[in-house]
Amino acid sequence: MEFVQNFPFFSIILSLFAGPLCSILNGKWAKRVNLAVITIILAMSSAVLAFTLRTGDSYVYMMGHFPAPWGNEIRVGMLEALMAVFFCLIMLLCMIGGVLEREREIESTKQNLYYIMVNLLLSSLLALIYTNDLFTAYVFVEINTISACGLIMIRQNGRTFEAAIRYMIMSLLGSGMLLLGICFLYDLTGHLLMSNIKEQVAILNASGQYHMPLLITVGLISVGIAIKSALFPFHAWLPDAYGYSTLSSAAILSSLVSKGYIFLLVKIFYRVIGFDIVRDSKIINVLFVFGVIGMIMGSISAIKESNIRRMIAYSSVAQIGYIYMGFGFGTELGMIASLYHIISHAATKSLLFVAASGITDASGDSTDFFDLTGAGYRNKLAGIAFTVGALSMVGFPLFTGFISKLLFAQAAVDSYHKLLPALIALAVSTILNTVYFMKTVIRIYTPEKREVLAKKQYQVITMKDQKWKSAALVCFIAINLFFGLYSEPVVGLLERGLKIFA
Amino acid sequence: MNLANLFNNYEEAVAMILFGIGFSNLLLQKNLIKKIIGLNIMDTAVYLFLALKGYIEGRKAPIVVNGVQSVEAYINPIPSGLVLTGIVVSVSVTALMLSLTIRLYRRYHTLDLDEISTRLKKEGL
Amino acid sequence: MNSVILVIVVLLPFLAGALVPVLPFKNRRQMMVYVESAVLLNSVLAIAMLIAQPQDSFVLFRFTSDLTLSFRLDGMGTVFAAIVSVLWPLATLYSFEYMKHEGHEKVFFAFYVITYGVTMGIALAEDVVTMYCFYEMLTLATLPLIMHTLTREAILASRTYLYYSLGGAAFAFIGVIFILVYGSTPNFIPGGVLDLAKVGDRTNLLLLIYVLCFFGFSVKTAMWPFSKWLPQAGVAPTPVTALLHAVAVVKAGAFTVMRITYYSFGTEFLRGTWAQTVVMIPVIITIVYGCSRALKETHIKRRLAWSTVSNLSYILFGIVLMSPLGLAGALSHMIFHATMKICSFFCAGSVIYKTGREYIHQLDGFGRRMPKVFAIFTISGLALMGVPGLCGFVSKWNLVKAAVSSENPLAYVGIGALLVSALLTAIYMLTISIRAFFPEKGFDYSTIQDVEDPNWMMLLPLVIFTVAMFVFGLHSGPVLSGLESIGALMR
Amino acid sequence: MGALIILSAALPIIAGALLLLSLTAERRCAKGPAREVAEPSAQKLRVLHLQVLVILSISALLAMTAAWSGEHEITLFELIKGIPVYFHTDGITCLFVTLSSLVWLLSGIYSFVYMKHEGKEKRFYGFYLMSYGVLLGLSFSGNLVTMYLFYELLTLASMPMVLHNGSREAIMAALKYLFYSLCGAYLGLFGIYFLYQYCDTLAFVPGGSLNLGLAQGKEGILLLAVFLMILGFGAKAGMLPLHAWLPAAHPVAPSPASAVLSGMIAKAGVLATIRVVFYVVGPDFIRGTWVQTVWMTLTLLTVFMGSMMAYRERVLKKRLAYSTVSQISYILFGLSVLSPTAMTGSLLHVVFHSIIKCSLFLIAGIFIFQCRKTEVSELAGIGKRMPKTLWCYTFASLALIGIPPASGFISKWYLAQGAMEAGVGAFGWIGPVILLISALLTAGYLLPITLKGFFPGREGAGLSVENQEPVLRMLVPVAILAALAVILGLFPNLLVSFFSQIAGTVM
């Protein structure tokens, strides 16, 4: 066994222990430790990715001394490694981009608490990605929820508390269902390790036994995770949670936390139940329907919103709809499109949040749509970044959103019955996206009247004023262009990863 | 026949009913404390279910008292372990919820979530 | 010649345009020289390319293994590229004078030059994906040009434009995907690329997709019921409305529809189906609708914009006849309408620039003060009406020839619509001329004392276009035989 | 010889354009906001008149030479591939060239005096010359597209003459004229498109060149196309339902302009109809179809309606305009019955009506010019003041009514005879009856002027009897025309044989 194979385990443990470590440090040092941890994990994950690419296969890492089916396991393939690398990268950039806001919005005595949460979140995300054990997954789901809740409520005002508690309630509903589902699975198969469960499920399915319980189980798990990842109509908590928490929280929550759950769902589909059984269970049709409705409704809500942060948050609802629609096709192409969209949306949404904060900084910290007039001139980089993000969301060629739209459309054409609703939903949702995103872009490039400017005294922000944020924005734009222009290796990786995923 | 199955497995049925009660309480109650109670009922229902699955008629708990007996003497220990883990999780979640509730109560002097929402809208935050 | 030049003519304007706001020009003159020489250089290269006709394709880069951004020159691309490369330097020349009073020139010229590259990209795109990419880019590159004045009206107009265009693109995208999946290749091949074996029994589905795609792309040609944006966009500075909304943008829309119809789906597949009927009806409606709206409009540029709406549907009409002759007719109207409409827009622009008067009832007696401009305006009006001897007649003749020989009853209705539209065109164009040349008795000329013909920079393009209208009108043979040979490639 | 055709048509067009350009050039130098050119001195005016006269005569001479010296053809260049601008002379050409030269020359001479009170002479003569050139081009046209080209140009060139006086009414009338004519032209164009597809050639071939093999199964749309062409070209000839421009445009134009409008330009519609029906489609294709029936009905309705309206009209020039509406539809009726005799009658009526209506409008102009009288009721006792003019008027009127032996009788005779022998069913007798009624109405609206003019009765008691006869330059053209109106009726044989020969070749 090569040393590099230990890295997934190391990274989980490292971030898990970095959390408590932060509690004894002051804010500044906690920040440094946190950044260092994320960077190290990024490096390790990259090494793992390189390793898996080299071997071209996945491997199982046994935790402790108990072999399957008793022990706990980690399983690493290309897909997992890629996700880990990507999640670390985005998280790093989000943390860098939100430095200023954190200092401003979080009480100085609580600074280090924030980093505890981030570290725990990272470890739980990594665990969700890597683990091969269902119950471990459940535990980390809960850790994830708790730390995410912490991220929301760390900026202390009424809105965030309310958002946090709503988030908790919905999350707990979801995890209750997930837990029940896991229990059912355990009951049906007698295993907790994914690979073993799958063997048993295959036998059960072949013999036709327990058809109904199996169906209910798949349903419970899917719905549970759907609730947790804010699939329409379970999104009520989302706008407040994303809209009022501190910047890096919003960015991380929108781009990573929900994606972690979705990745877990993919894993359950492929590695626990078996995708063929899922497809036959018709549960994906339900996901498809809600995905499509979410695409439309999320955008409509976003159009009605006049707070830019909440608008971006609502857009997440729509984008998550895309991802579930991709699942709903029940084809490999659809799955690849969804996975790509997980990446693409994560990259874009965090970019949008950071850019939006740059814009609001230049508008007297107002998030109101009308105060943003001309902000693109006051903070040039943020304006450009927001435009890039918006274009990507609209699916403009050259940016990553285009590729995911392309993949979705190709997947749609591939599936006969869902073709028309999917395509029309894609088109309509593109139009709706255009409406609210480009409206904002035009707004920030409409010069404000002189009198208003004189009265409101907006700050002009250059790149030097906000070095960290600017650096993050530049990286985000680069990532966006990279995924837009050189998507092929990524898509190829996803394909190969998915093949050895099950 | 289905009804007979239901009666034979009445423990599981009870667990599910409890889960339903907890779930709907968590979802529908306005009062935050009642929601938390609902959460706990829901979790407990799942633990009950798990424990039931681990229990084998006529066997003992896997606690070694007079030397190790053969495996057949004990019930399945894994669900018990899971339940324990689950309890830890639910305790921490409950704690978090309660702390949040306290925060909100201090601010708004009410436990009604809808009331809080309307207040928030009035605050215009 | 090496096919690298294909990419150069597309990317050079991008580079040159992006440099405009960055370069430290000492004065306006330097910038003018820089912009004009960049545009001219590119046009010279483009024309050299058109003459050399490089046959190879050039792949700029690959999205995925089968999706590439690649360029190739073919007959139809030649036509569009020729229009664009000839008109752009002239329009640029005109806009120097015009933009004096608009301000923010650097930004303006930056996007103006970039748009050149984008339009070239559409003309030279080898496959449907490349075309779609440049099509989207066109929307974005022209958006700042419409917003240019930054008035409330302009912002509204640009928003409408954006929604319509990107919305249309969203539907067009569906068609693009279908071509990728059901076509044997994403490249453009005369006669279409649909793999009928793959299509199987899904003919109706594909027809539906074609209809969606047609509507999507024709949003840019301002077809009814998606025509609202074009007249609104008339708030942009005149060089923009003239060049972009009479030529580049709307023609790009028509061009893409041609590509989709003749080079991707293929007319053999579409001709005689319900899809043809479905797309032809709104085209015919637009022909009349655009004209009647023009008639109601009292703002001179908006009137011309509505006229564009109608004329663009002439082109679409040629396209939806789905015959080689129809394509030739559509292409000829594409060329000729560009000449006519840019000319009339420039006249209107001269009036607005020199006098600030924008409404038709303010133009009484202008013919005496601006004889050259109004003479040219009248000629362009006559050409639009289709008076023989001017180019409008020729293209209309070709369109109708195709319509008659298609023997499709709906096409006969279309001919009627063309003629109704010609009459309406006569009314809305000639009333302006008559007003200008023959004001009512007792008109007080002292109210328009300040009105003068503009200087040579504005007049030169006008004169060149006028000469072109006559040349095309009287000696269209070479052009037409070229176009017919393009049409003949179709099955 | 072919070059003569081009030269004769191009000369007036170029000369007219030069006149207009020189006007613009003069304006450029002129001071003041309006750039109003000072009224030219009498000297300059005389030079201008001389120029116009010389150009008119030279090109008339050239045109007549070209027309009467046998059949020629010349192809100028290809307008569109396969469709040249092509000129050709035949009998119809001779008729129209001669007639328009006559009308233009005489009206021209008349206008030298008349236009003094209208002003802006340079502009007027510019368009006057251009219209002449275009009309010659129209007459020489050898194929449909060339004809269409000149037909459109004719509208454009003659329109400014209508709005000459610049009043709101005149401008509206000019616009009306323009749009009706264009509407007609486009209806014609609709047909041309189809004929291009289904005819062997668009060049004029006596008897038509419709390819019946190609047209197999397409008769419906072709008949519709032909009908629309008839309707469209009928617009210029004032046929229902596109006649409304004529009563609006003629009265507001300066009298020489109304004279040529009514005399020749409205006949351009007739020319175009003849060309389409007898030289491209062929009369056999529409004989007995609904097209013929509807056409005949329309012409007869127009004949009747025109006369009725004229009868009710009080303003002299408007009355004459309605009369034109009615009279030209005589011609069209003759064409619509599709028989050689009726066609002979039509062609005769073309000649006679041109001459008569030209003279009548010129006379109306004299009334306006000399004593500012426009309404019929004001003309009581006019015979006392300008007896010569009124005599001319009387002769012309009698000819128009068709009192034997004046010219109108001959043409109407042929028309009626043609209608009866053509085998068009009920129209064979309805037609002549309506023609007769209309003739009575014509008498009713023309003759009272003569009567009141010479015998004002009690009303005329207080009227002055001073001599208001116009100068010779106005009177002579009128007199010539009136004389021709009578004389041609006395010696019609030459014309009749010429026209029946033409009619014979096409049917």
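Biologist: What should I know about the model and its numbering?

Modeller: This is a predicted model, in which local features need pLDDT of at least 70 and side-chain atom pairs count only at pLDDT 80 or more, while totals for chains, interfaces and linings use all residues. Residues are numbered from 1 along each chain as its sequence is written, and chains are lettered from A and ligands numbered from 1 in the order in which they are written.

Biologist: Which of the three pairs of chains that touch has the most contacts?

Modeller: Two residues are in contact if their C-beta atoms, placed from the backbone, lie within 7 Å. No contact joins chain A and chain D, and none joins chain B and chain D. Among the three pairs that touch, the most contacts are between chains C and D.

Biologist: Which element gives the most to the side of chain C that touches chain D?

Modeller: The contact takes 33 residues from chain C and 34 residues from chain D. On the chain C side, the elements that give two or more residues are α17 (391-406), α18 (409-437) and α20 (477-488); helices (H or I, at least four residues) and strands (E, at least two) are DSSP runs, numbered from the N terminus. With eleven residues, the element that gives the most is α18(C).

Biologist: In β2(C), which residue is the bridge partner of F61(C)?

Modeller: Strand β1 (residues 58-62) of chain C runs antiparallel to β2(C), with four bridges between them; two strands pair if DSSP finds at least two bridges between them. A hairpin through five residues joins β1(C) to β2(C). In β2(C), the partner of F61(C) is L69(C).

Biologist: Are the residues of strand β2 (residues 68-71) of chain C buried or exposed?

Modeller: A residue is buried if 20 or more other C-beta atoms lie within 10 Å of its own, exposed if 12 or fewer, and partly exposed in between, with C-beta atoms placed from the backbone. T68(C) and S70(C) point one way, and L69(C) and F71(C) the other way. On both sides of β2(C), the residues are buried.

Biologist: How far apart are the end C-alpha atoms of helix α8 (residues 203-218) of chain C?

Modeller: The expected span of a helix is 1.5 Å times one less than its number of residues. The 16 residues of α8(C) should therefore span 22 Å, and this agrees with the distance between the end C-alpha atoms, 22 Å.
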